[in-house]
Amino acid sequence: MYYCLAKQCSRQIMKVRFLLLMLVMFLGSSAFAQEMSVKGTVYDTTGTKPLKNALAMAVRVSDSMLLDFQRTDENGQFEISGFELDTFSLIISHPDADDKTYFIFGAADNFDITIPSVVLPPKSQDFEEVVIYAYKDPIYYKGDTLVYIADSFNVDENAVVEDLLKKLPGVTVDKDGKITTQGEEIAKVLVDGDEFFGDDPTIATKNLGADGVETVEIYEKENEEGIGGDDEKIKVLDLRLKEDAKKGYFGRISGASDFALTPINGEIGTNPFYEGELLFNKFSGSQKISVFALGSNTPRSNFGFGDARKFGLENESTGGNRWNPGAQNNASGIPQTFKSGIYYTDKFGKRKQHKITANYSFYRDELDARSAQNSFYILPDTSYITDDSTRDYTLNTSHRFNLNFESQIDSLTFIQIKPNFSIDARTAESSNISDFFTSTGVRTIGTEVFNNSESDGLSGGGFARLVREFKKPKRELEVRYDMSMTDNRTTSFLDSYTEYTGGIIPNDSLYQQKFNNNASNNHYAQVTYVEPLANKLRLQAEYLFEYGTGNQDIITLDRNAAGVYADTNDNLTNLFDNVRTQHRGGLKLIFEPKKHRVAAGVRVRNIVLDNTDRENGNVINQNLTNILPSFEYRYRPSMSKQFRFNYRTSSQQPDVSALQPIPDNTNPNRILEGNPELQPNYVHNFNAMFNKWEALSGRYIWSGANVILTQDAFGDSTTYDNFGRQTTRTVNVDGNIIANVYGGAGLPILGRKIEFRPGLTGSFFRGVSYIEALENTTDNFSVAPSLGITFRFFNDSLEIYSENSYSYSNTTTSFNATTTPFTTLTNNVGFKWRFKGGWTLGTDGTYTRNAIPGDADGFFNTDFFVLNAEFSKNFLKTKNLNVALQGNDIFNQNVNARREVTGTIITDYRTQIISRYFLLKVTLRFNNRRAPEEDFKMF
C-alpha cells in the first residue's frame, strides 16, 4: 500500500500512482540546503501494540540510494534525520507484517514530518492484489558498508569466491590474488565477520563456493592487529554466507593431473604435474568446523616463500629468483606445495556472549629456481659487467596455531584475547657462478659460491584487550597488551672458489661453517581513553610503553688443513644485543559532523636504545625524542562519494641484522655489514584519495596520490674492489622520496553489457646512497596507462574481455647523466562461453613485449604470447560434477624476463619456469541441501 504525505495533499492517490512517481522523480532532482527529519510510531496489524525492531528506510527515488535507516525502539518509535531535502520513499518493514511505503516530498516548508501512527498491514497471500516495493538492487550502501547481492552476478556453477569477486563492479583481483576496491587494497578477508584460517585470505577466496555467498560487504574497521597502537583503519571484505549454507555441511574436492605426459627436459613420464583441493565445512547452530587440504606442483601453487630474514639468511639467495608470497601464478622456478588445516568456531554462554575461534594450519613448500642475470654497474670513475648463473633450492615447513576468544561480559564491557604461535623449519641450498668483465668486455675474475643451511625457529605473539564503554555515549576506555617473540637457529656451510684471469694473482678458496642464533622479545602496554566534549566532538588520550630486546649471535669457523671446521674466524664472529625502551603519549581531537571528519593529533615519543657488542664490550647508547603529528580530513557528501586526506608521521627502528657490526660474507661477491650507530628513521606520509560510485549505473571513479618523505632513511654505503666485488654497509641518509599517483574508472554502457575500465598509474622514487663515500642520488620515474574492456552477451553466457597496459620507466643517477629507459607492453584478451547442457569453453591469451629503446639486442628485450584454454562439462542432475581439460601456455612461448634498476646497478633477469602443460581436472561439489537449484537463484 502507498501513501502520499504533503501539507498540500491529504488523500490517497493510488489511481494516479504512475503520474505521481514521475513527478516525484522530477522533484527529487532539486537540491536544498535544509535537512530532513521524519519521525513516527509503528504499530502492529491491530493498530494497538507498538512494534519493536521494525525497519524504517529512507530511499531516494531518483537513484534508489539508501539515505538513512533506523529500527524502532521498545515504544515503536523511530526518527530518521540528517540528510538533505529530497524526494524519497519511506519504507516501514517488519517480518510479521507487510511493508508500508510513503512518498515524501521534501521542501522548504515540508522538511520536519511526523507520522503519529503507522499501522502495518497484514501479510498478503494473494500476490495478484499486492503492489510490491522491494529494495533488491544488486549493489547498495548500508550505512558505511558497500553491499553486493551475490546472486545478482552470474558465475559458473562450480565458481569459487574469487570468480565472484572478479564480477563485482569496482572490485579487481590480480593474478597474485590481491584484491582492490576502487583503488584501495583489501587488507583482510572475513567470513561471516570472522577470520578464516588466520591471515591467509586465499583459503576463503580460492576454495569457498560462490553459490554459498549471500552478500559481499566492504567496509573500514580499526586495525586491531596494529601492534604498538597503530590506529590506522583498514579495508575489509566480509563474505556473508546464505542461511541454508550455514546448515549442515558443504564442500568441494578436486584433482588434476597430466599423467606424466608433459615432456621434462625432452623426456616423458619423469615428473607428473598435479593439483588437488579439498574443503569441507560443517555448521551446527553457532558452531562451524572447516577442514582444507591443497597440493600442487604447477605455477598455480599458492604459498609463501618463507621468511629468510628471521633466520638471518637475507643474503643467502644469490640470484634473481623471486617467489611472491601468496601469489597464485608464480612463474619462477619449479614449485611443489602442500598446505592443510582445520578451523573451529562456536559461541557459548546463556546469552551466547562468549565466542572462541581456533585454527591450525600446516604449510610445506618446495622451490627449485634457476636463473641467469646480467648486471651493469655504473660507478663514478668506471663501470663493469657481471654475468651470473644461479640456482636456489628451498624447502620450508610451518605449523601455525591461532586462537581468538571474545566475551561481551555485559552491555558495556568487552574482552578479547588473541594469541598465535608457529613452528618453522627451512632447508636451503644455493649456488652462484659469476663472471666479472670490464666495460669493454674483458673477463677479470670468475667465482663459484655454494651455500647450504638448516634452520628451525619458534615465533609467537598476540594481544589481549579490555574495552569499557560508559553510560555517557562515546565515552570509552581501552586497556591493551601486545607481545611478540622469536627464537631461530641456523647452521650453514659456505664453499667459495675464485679464479683470477691472467694467472698473476693466485686463485683462492674459502670453506666455512656458520652458526646464527637470533631471538627477540617485544612487549607493549597501552591505555586509550575517549571523552566526548560535545555532540560531535571528542578527545582521545593515549599512553604507550614498550620494552623490547633482540640478540643475534654469529659464530664462524674456518676449515683447517685436516678438513675440520675448528678455527674461529674472529672477523666474522660477533655476539650482539639490542634493548629498546619507549614511552609515548598522545592527544587527538576528533570532530565528526554529518558529512565530515576532522582529526588532528600529536604524539610525543622518547626512546632509549642500547646496542651492546658482547665480543669487545662496546656499548652505544641513544636517547631520542620525537614529536609525531597527524591530521585526517574526510568529506563524504553521500554514501557513494568520498574524499579523504591523511598526514601521518612515524619512526621505525633498525633491526638487529642492520645494527650488528659484522660482515655477512654468505655471498663473498656482495658482502653486507651492519652499523650499530644507525638511528631510527622519521617518515612523513601524505595520502589523498577520492572515489565516486553510482550504484544503479555501476559507474565508478577512483583516484589517489601518496607521497612519503623519509629523514634518516636506511640507505646503502657501498665500496668496490678492483674487480667489482662490493661491500655494503647500512647508513642513515636524507632525501628519500616515494611518490605515487593513480586513478581509474568503470564505465558500463548498454545495461552493463559493455564496460570500459581506463586507468593510469605513475610513480617517482628518489633514493640516496653512497658509492665510494660519494653521495649518489637515483631518480626513477615510471608511468603506466591501461584500458580494460568487457563485453557480456546472451544473458551473460558469453563474456569477452581485454586488459591492456603500457609502462615506461626511466632511471637517472647523479653519477651518470645517461638515462636507462625501458618499456613493457601487455595485451590480454580472452573469453568464456557457457553453453546449454553444462558445457563451457574459455581461453586467455597474453602478449608481452619488453623493450629497451635503442638496444634491439639487449638481454631484457623479449616478446612472447602465452595462450591458456579450458573446456569443461558439468554432469549429474545437480551439475555438481565438473570435468575440465586445461591447457597452459599451449604455444610453449612463456619466459620470465624482467629488469630491476637499483641505485647504480641495472640488472636483467631471465628465470627458468614451467611453460606448456595440460591437465585433466575433476571437481565434485557436495552438500546436504535438498534442492541444488536453490544454489543458483538469480534476481
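Visitor: Before we look at any residue, what does "buried" mean here?

Guide: Buried means under 20% relative accessible area, exposed means over 50%, and partly exposed is in between. Keep in mind that we're reading a predicted model. Now try threonine 447: its relative accessibility is 2%, so it counts as buried.

Visitor: Okay, and where is threonine 447 found?

Guide: In strand β25, which covers residues 443-469. Leaving aside residues up to four places away in sequence, threonine 447 touches Asn432, Ile433, Ser434, Phe436, Tyr497, Thr498 and Asn669. One of these, asparagine 669, also has a polar contact of 2.9 Å with threonine 447, side chain to side chain.

Visitor: How many bridges join β24 to β25, and how do the two strands run?

Guide: There are 25 bridges between β24 and β25, and the strands run antiparallel.

Visitor: What about β23 and β24?

Guide: Another antiparallel pairing: 24 bridges join β23 (residues 383-410) to β24 (residues 413-438). Here aspartate 387 stands opposite aspartate 435 of β24. This hairpin has 2 residues between β23 and β24.

Visitor: When I follow a strand like that, where do the side chains go?

Guide: In a regular strand they alternate between the two faces of the sheet.

Visitor: Let's do sheet order. Which strands form the open sheet with mixed pairing?

Guide: Its 3 strands come in the order β5-β2-β8. β5 (77-84) and β8 (112-119) are at the edges with a single partner strand each, so one side of each has no neighbour in the sheet. On average, neighbouring strands of this sheet are turned by 15 degrees against each other, direction ignored. As for the pairing of β2 (residues 35-43) with β8, these strands run parallel and are joined by 6 bridges. Valine 42 has valine 118 in β8 as its bridge partner.

Visitor: And what is the order in the open sheet with antiparallel pairing?

Guide: That one reads β11-β12-β13, again an open sheet of 3 strands. Its edge strands, β11 (171-173) and β13 (184-185), each pair on one side only. Between β12 (residues 179-181) and β13 there are 2 bridges, with the strands antiparallel, and threonine 181 stands opposite glutamate 184 in β13.

Visitor: Now rings. What describes a pair of aromatic rings?

Guide: The distance of the centres and the angle of the planes. A search of the whole structure finds 24 aromatic pairs. Take tryptophan 839 and phenylalanine 871: the ring centres are 5.3 Å apart and the planes are at 20 degrees, so this pair is stacked. The pair links distant parts of the chain, with tryptophan 839 in β45 and phenylalanine 871 in β46 (residues 862-875), 32 residues apart. Tryptophan 839 is partly exposed at 36% relative accessible area, and phenylalanine 871 is partly exposed too, at 40%.

Visitor: Which residues do ring pairs link into a cluster?

Guide: Phe791, Phe793, Phe794, Trp833 and Phe835.

Visitor: Which ring does the charged end of arginine 400 sit over?

Guide: The ring of tyrosine 363, at 4.0 Å from its centre. Arginine 480 also has its charged end over a ring, that of phenylalanine 463, at 4.2 Å from the centre.

Visitor: Back to accessibility. Is glycine 845 buried or exposed?

Guide: Buried, with a relative accessible area of 3%. Glycine 845 is in strand β45 (residues 839-851). Beyond four places in sequence, glycine 845 touches Asn827, Asn828, Val829, Phe865, Val866 and Leu867. From glycine 845 to phenylalanine 865 there are 20 residues in sequence, and 6.9 Å in space between C-alpha atoms.

Definitions and conventions: Residues are numbered from 1 along each chain as its sequence is written. This is a predicted model: local features need pLDDT of at least 70, side-chain atom pairs count only at pLDDT 80 or more; totals for chains, interfaces and linings use all residues. Side-chain values use heavy atoms; hydrogens and water are left out. Two strands pair if DSSP finds at least two bridges between them. Helices (H or I, at least four residues) and strands (E, at least two) are DSSP runs, numbered from the N terminus. Axes are lines fitted to C-alpha atoms, for helices over the stretch in contact, and angles run from 0 to 180 degrees between N-to-C directions. Buried means under 20% relative accessible area, exposed over 50%, partly exposed in between (1.4 Å probe, protein chains only). A polar contact is a pair of N or O atoms within 3.5 Å; within protein, one must be able to donate a hydrogen and the other to accept it, and residues adjacent in sequence count only if both atoms are side-chain atoms. Contact means heavy atoms within 4.5 Å. Rings of Phe, Tyr and Trp (its six-membered ring) pair if their centres lie within 6.5 Å; planes under 30 degrees apart count as stacked, over 60 as edge-to-face and the rest as tilted. A charge sits over a ring if NZ of Lys or CZ of Arg is within 6 Å of the ring centre and within 35 degrees of the ring normal.
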